[in-house]
Amino acid sequence: MSAQTPSTLAQRSGSADPQPPTWTSTGGRAPSTGAVVRATLLIAGAILVVTPVLWAAMSSFKTQAELAQTPPTLWPNHPTADNYTSGLQAFDFVHFLTNSVIVTVSATVLTLIINSMAAYALSEYNFRGRTVLFLITLSTIMIPLQVILLPVYQVIASFGMVNSLWGLIIPPAATPTGVFLLRQYMLTLPDEMIEAARIDGAGEFKIFLRIILPLSRPALAVVAIFSVIWRWNDFLWPLIVAQDESVQTLPVAIARFASQQAIPFNQILAVSVVTIIPIIVIFLFLQRHIIAGLAQGSIK
Amino acid sequence: MSVVAPARARGVRGWMRGKNLAPYLFVLPNMLIFAVFTIWPAFNGFNLSFYDSSNGRTYRPVGTGNYTNILSDSQFWGVVQHTVLFTLGFVVLSTVLATALALMLNSQRRGRGALSAAYFLPVLISPVVVGIIWKAALDRTTGLVNQVLSAIGLGTPGWLVDSSLSLVSVILVGTWIHLGFYAMILISGLQSIDTSLYEAARMDGAGVWQSVRLISLPLLRPTLMVVIILATIAGFQAFDFVYTLTGGGPVGATTLIIQYIYENAFSYPIQYGLASAAAVILFVVVFAVTFVNYAIGRRSDSI
């Protein structure tokens with residue numbers, strides 16, 4: 001229908017229209033009232049969204065006395081970095097950051113490897129049991145870790161993986177969405193290349209490594225972005241597995257730090273601000289890829 | 001579906017055997033982890049819900065006792081009520097706001113990158129930290145929100161300490177976290193709509209509202225279904241930001257189902273039976289809701 005309507009409508013409207021094709025464009029002319037209202041709403045909303053974070057960041061530079069002062073201050077009167085120095089003395093940031101980085105990186109690498117291998121088999125081979133395995137994979141989308149916490153915990157307990165980074169990394173690694181996304185992408189790759197490589201005598205694993213993986217880079221990037229954000233922020237599973245401080249990741253350690261009555265709240269805010277910075281820096285570098293990748297990944 | 005085996009290679013026996021085995025070897029690591037850490041525990045979860053334990057080591061069979069206990073547990077019904085109210089409020093509010101945001105942001109040219117980044121910021125912050133920030137911002141006396149409200153003479157509501165307001169606060173913070181993410185999904189749905197439709201509508205004299213109502217929203221329906229399903233699942237599984245925002249309080253007013261399961265399973269007094277029965281019930285509910293959403297989504301696809 002979309003192919004016909006524009007021309008018929010154009011005829012009906014009579015003369016050629018000088019305006020640019022999109023209905024929202026303000027191109028060159030004075031902005032319409034609608035555009036002004038829209039821009040105002042968008043900016044006001046953005047300020048509303050960002051302000052609490054900025055306010056918390058500013059509060060982390062206030063003294064304990066200023067934080068409790070009435071009427072309260074918006075900007076710190078006497079900015080101080082004390083909350084950062086004492087907060088980071090009480091909170092071993094580098095240690096928890098290291099755990100978070102180890103878990104996020106190795107879990108993402110593991111997920112990419114096993115998901116792409118499974119996706120390759122499910123998309124490029126005909127073998128007995130393929131449909132069943134694919135259906136099993138899809139159905140596990142319905143079984144998030146949250147609803148099987150207890151039985152999964154028992155499994156890792158029987159493997160002695162409680163309080164080990166392996167217990168954090170391995171159990172959620174076989175993501176069904178990752179297999180699904182990668183399989184859908186690999187189905188679009190031309191079979192001729194695989195057959196040509198096979199005739200040239202390339203082994204099955206070599207084909208996967210040298211041909212399939214490089215071609216699947218866009219899909220791998222989407223899965224990687226999902227995995228990194230999810231693992232970096234993950235809380236419930238690490239809360240259960242990492243009972244000992246030595247293996248705690250940043251979210252678990254911060255929650256524990258924040259629950260201690262003796263710690264002043266501006267120190268907790270200071271530590272929180274420090275943990276936000278790495279992910280925002282990464283985001284600013286990769287913004288375009290992250291937003292586009294996440295949006296596409298969710299729709300498929 | 002791709003048929004990869006070239007017929008003329010069939011004579012080479014050793015090569016064939018390797019190729020026949022290959023797909024199984026490729027799926028093995030993933031399926032092994034699935035089997036051990038998802039499928040077996042899922043079945044065992046049902047089994048566990050017929051046992052009780054107070055220490056996690058010795059179990060005694062109780063038949064359907066856990067279910068009769070939990071269904072007569074007033075705390076559980078309170079938790080169910082909070083979870084359903086939270087999920088409903090969160091799904092409706094975040095879907096409506098994300099749709100409005102997506103429509104506006106998609107037609108905004110200038111400053112679009114900076115605006116997107118601002119709305120996307122909460123997605124990047126660890127939910128645990130989100131809870132801490134909002135706990136500070138919603139503090140009755142020193143929080144940012146009440147500073148502003150009292151400055152314009154609107155009083156100082158107890159956002160987190162008033163049990164009738166605390167669930168509203170949790171809904172608002174949950175929406176704040178996910179709004180940007182859902183809007184980005186909807187924007188990519190909007191961008192797949194043929195722009196010539198808008199052109200046609202405009203030439204036909206349709207205003208902005210008519211274009212939105214008659215073109216954008218109907219064609220956005222499949223993407224909206226995705227967002228609603230994602231939001232529903234996120235709603236039922238909310239835990240992390242609530243944990244640091246209210247801790248489930250005041251007096252359990254914001255305790256949601258995952259926290260109920262977590263506390264019964266892992267903090268004193270341990271009641272494994274209640275936790276595993278609640279987990280099975282949650283599984284059934286999430287499964288049913290997702291299935292219904294999916295069925296509705298499919299039907300609207302075929303229209």
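A nonpolar core is a set of buried Ala, Val, Leu, Ile, Met, Phe, Trp, Tyr and Cys residues joined through C-beta atoms within 7 Å. Keep that in mind. We are looking at a predicted model.

So, what does the core look like here? The largest nonpolar core has 146 residues. Six residues have the most contacts inside it: A:A118, B:A183, B:L186, B:I261, B:A278 and B:A279. Which helix gives the most to this core? That is helix α7 of chain B, residues 163-190, with 14 residues. Now look at chain A. Domain 1 (35-80) and domain 2 (90-299) of chain A both give residues to this core, so the core lies between them.

Take one residue, B:I261. Leaving out residues up to four places away in sequence, B:I261 touches A:L149, B:A275, B:A278 and B:A279.

Next, the two chains together. Chain B puts 94 residues in contact with 87 residues of chain A. On chain B's side, helix α1 (residues 13-48) gives the most, with 21 residues. What kinds of residues make up that side of chain B? They divide into 65 nonpolar, 23 polar and six charged.

On to chain A alone. Chain A has 15 helices and zero strands. Of its 300 residues, 39% count as buried. Take the contacts in chain A with a separation of 6 or more: 74% of them come from residues 24 or more positions apart.

Chain A is divided into domain 1, residues 35-80, and domain 2, residues 90-299. How far apart are the centres of the two domains? Over C-alpha atoms, 34 Å separate them. Their contact takes seven residues from domain 1 and seven residues from domain 2. On the domain 1 side, α2 and α3 (64-68) of chain A each give two or more residues. Helix α2 of chain A gives the most there, with three residues. That side of domain 1 divides into three nonpolar, three polar and one charged.

Let's stay with α2 of chain A. This helix covers residues 33-59, which is 27 residues. From first C-alpha to last it reaches 38 Å, close to the 39 Å expected at 1.5 Å a residue. Where does it bend? The bend is at A:V50, by about 35°. A proline, A:P52, follows within four residues. A:P52 is buried.

In α6 of chain B, residues 144-151, the buried residues are B:L144, B:V145 and B:N146. They pack against α2 of chain A, together with α5 (127-137) of chain B. Just after α6 of chain B, B:G153 takes a positive phi of about 80°.

Last stop: the loops. Go to the one between α11 (240-245) and α12 (257-266) of chain B, where B:P250 lies. The peptide bond from B:G249 to B:P250 is cis, with omega near -5°. B:V251 lies in that loop between α11 and α12 too. B:V251 has a positive phi of about 35°, although it is not a glycine. Is B:V251 buried or exposed? It counts as exposed, because it has 10 C-beta neighbours inside 10 Å, and the exposed class means 12 or fewer.

A:N163 lies in the loop between α7 (149-158) and α8 (165-169) of chain A. A:N163 is not a glycine, yet has a positive phi of about 60°. With 16 C-beta neighbours inside 10 Å, A:N163 counts as partly exposed.

Technical notes. Residues are numbered from 1 along each chain as its sequence is written. Chains are lettered from A and ligands numbered from 1 in the order in which they are written. This is a predicted model: local features need pLDDT of at least 70, side-chain atom pairs count only at pLDDT 80 or more; totals for chains, interfaces and linings use all residues. The expected span of a helix is 1.5 Å times one less than its number of residues. The bend at a residue is the angle between axes fitted to the seven residues ending there and the seven starting there. A residue is buried if 20 or more other C-beta atoms lie within 10 Å of its own, exposed if 12 or fewer, and partly exposed in between; C-beta atoms are placed from the backbone. Two residues are in contact if their C-beta atoms, placed from the backbone, lie within 7 Å. Domain bounds come from an automatic or database domain assignment. Ala, Val, Leu, Ile, Met, Phe, Trp, Tyr, Cys and Pro count as nonpolar, Asp, Glu, Lys and Arg as charged, and the others, Gly among them, as polar.
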